[in-house]
Amino acid sequence: MSFDNYDDAIKYIGSKSQFTFEESYEILSFINRTYSSNVHDGRDLVIRLLERGNCIDDQCMELLNDIIQSYGLYPYIDEKILTGSSSLRYELHKSPYLKGVFLHEEQFEISTALQSDKSVVLSAPTSFGKSLLIEEIVASGKYKNLVVIQPTLALLDETRKKLSKYNEFYKIIVSTAQEPSQTMGNLFLFTGERVVEYHKFPKIEFFIIDEFYKLSLKRGDDRAITLNTALHKLLKHTSKFYMLGPMIKEIPLEFKEKYDLLWYPSDFRTVAVDEISLEIKESLKMKEKEEKKKNDLFELLITTEEPTLIYCSSPKKATDLAIEFVDFIKIRKPDLLSVNENSDVIEWLIQNINNTWFLIEGLQRFTAIHHGAVPRHLGSTIVDLFNKRHIKYLFCTSTLIEGVNTSAKNVILFDKKKGTKDIDFFDYKNIAGRSGRMNNYFIGNVYRFEARPNQLELNVDIPIFSQDDAPLEILINLDNSELKATSKERLKEFDEFDDEFKDILRKNSSLPIDGQINILREIEANLSVYHDLLNWDTFPKYKNLQAITKFCWDNLKKKGDNKAGILSADQLAALTLKYGFKKSVKGVIDELFEEQYWKERIENERERINYLSYFVLNITRHWFDYKLPKWITVVNDIQKYVFEKHGLSFGNYSFYATQLENGFLPNNLAALLEYDIPHSAIVKINKTLRARNIEPEDLIASFSRHGAEERLKQIGLIQYEINKIKSVN
């Protein structure tokens, strides 16, 4: 028996469940020799061998341990059979701050650099364990005030749960309504938008940007503008930082030189990945191909036992596909039933969405969805259930792919698009990187129904430094001394405005500057008309809100923007007022379900409730919780500026914008949404509170006191809501 190459070794490792002494020695010798020629392949073979369990002969286990160590895979070492210098090297890689955690070779290098006051920018695969080093920084207590920026609320929820154990040392701040502590450390867990909006930062000593490639404008992500503004703001506080992300070839030289940082690109992996092509080669019409893809997918899923992510191009595609799969599985595997595992969340869905929504049947059959339309608390619950294997089939979009840790054996690339654009190689590797999980699934499987995108390497530009193609929304936030000559030339029109309006544009720089200027000019050109429409406060009438949505729809909506199913500014205004009247997602769903328009459009009641449940959830997350309050705030600032300048009375929409963004909850209680507590639970708690201005931290602390669960039951909370509250502490 001998191995000529890496591929032969893979085949042999997978061919038997137990190896003799001679076979074990031969395999380990080949892996050891591979170190000098290709460390990556050798490490991959070690991981594949570990996936086989105790397949190696007992007499060779010490040799296997030594080889694991030589490849730097210290978390996989069996410490019980270590001796001498090997034992010392193993102990050296033990984290001094995280109990029982051993760092692999390259994690140890990064950790050492970070603890030596070096700023680090790390590019590494998903399985590297980049986010573990975030926790180590926090656990070390080295810095009093830290900011962690992450790209999605789902990832922030996960990080908050992981870092909540350090709340004795840090006040964990997740809402812009919270005040920093003056007596203990502060740990700010924010998106880039919230960093820009927050004006109460103490002196920040260290910051972290996860998925830092989103600073680049090359990927067409609107969040790049705000993230660059957030970076600029934090660099005013400190030059100490840790940035992490996947698959980056290079970062700007001027950035490296200015901050004397450690740039660390790595291909170190702790799991192996097998890629299986399921492309449909035969010539079929588009509709026939999609139908065959779907059938092939469903047949594959019912043969898999391990947790599987199915990547889809959009929330609607993921939802529609999940609905069809639930119908399929009811026929093909009728005995596949979840009896008790998901009953609490099902009860919540019945009470707060609709008792016939497909997700209820889905959870009864180990199937769910995860995308931007799903309520935040429900999304995190679905991830928890998936990691516990109470959900086996999870139809998802990029909201789950971008950073949230899942224990998935299999990832299925069903679509080749992300929204309306084709995924590129960078997206593909990000998706594929979700397969496998250290110490759970040593080997992940990636099934793809579409061709693998052409390989590319991403050079991350940082526009606040390069400025070459930086949009005005970034440039206006830079100091004059930081601007290049070409940038100053581009800002000539901006410089013609007075300081008050410049401040408005800077405050709202996440939205198109040209659009805001157009709104200003339109109001000034028709003062009497718009004074009648825009001079209101507290709550608007339809004509008031319609004027605002029309302004923004025409001037702030960018080409290709996600409209979440909304067709016009008029429709958005009408649905917003309906939401304000009902103050609940369920109320809006129930009312639309009975409207004649929807009855005629979707006659089948099951199809109608499935469509409307998704539609209302989607517009709630996309429009009511975020985008529309920002639009209303912009128009509020501009109309106040114009009317005040002309000696006219002006409106004040701040209360309404805040109410809409908070789901019509009081400000202090709305902060509880950031702790993964359902809106429905907060409404019930609010009705019983005597102290109206109670701080969210005090309220959270009261939930952990003796008898709290019984009190929550008495005021009407169901078990799911109680469990979510208990999980905060």
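Guide: Buried means under 20% relative accessible area, exposed means over 50%, and partly exposed lies in between, with a 1.4 Å probe and protein chains only. At 33% relative accessibility, D384 therefore counts as partly exposed. This is a predicted model, in which local features need pLDDT of at least 70 and side-chain atom pairs count only at pLDDT 80 or more, while totals for chains, interfaces and linings use all residues. Residues are numbered from 1 along each chain as its sequence is written, and side-chain values use heavy atoms, with hydrogens and water left out.

Visitor: What percentage of the 729 residues in the protein chain is buried?

Guide: Buried residues account for 55% of the 729.

Visitor: How many helices and strands does the protein chain have?

Guide: Helices (H or I, at least four residues) and strands (E, at least two) are DSSP runs, numbered from the N terminus. The protein chain has 36 helices and 17 strands. Its radius of gyration is 27 Å, close to the 27 Å that the globule rule gives for 729 residues, so the chain is as compact as a globular protein of that length. That radius is taken over C-alpha atoms, and the rule is 2.2 Å times the number of residues to the power 0.38.

Visitor: In the salt bridge of K289 with E450, how far apart are the closest N and O atoms?

Guide: They are 3.9 Å apart. K289 sits in helix α12 (residues 286–301) and E450 in the loop between β16 (443–448) and β17 (458–459), 161 residues apart. K289 is partly exposed at 23% relative accessibility, whereas E450 is buried at 8%.

Visitor: Which salt bridge partner does E493 have?

Guide: The partner is R521, with the closest N and O atoms 3.4 Å apart. E493 lies in helix α22 (residues 492–495) and R521 in helix α24 (residues 513–525), so the pair ties together parts 28 residues apart in sequence. E493 is partly exposed at 38% relative accessible area, and R521 is partly exposed at 44%.

Terms used: Salt bridge = Lys/Arg side-chain N within 4 Å of Asp/Glu carboxyl O.
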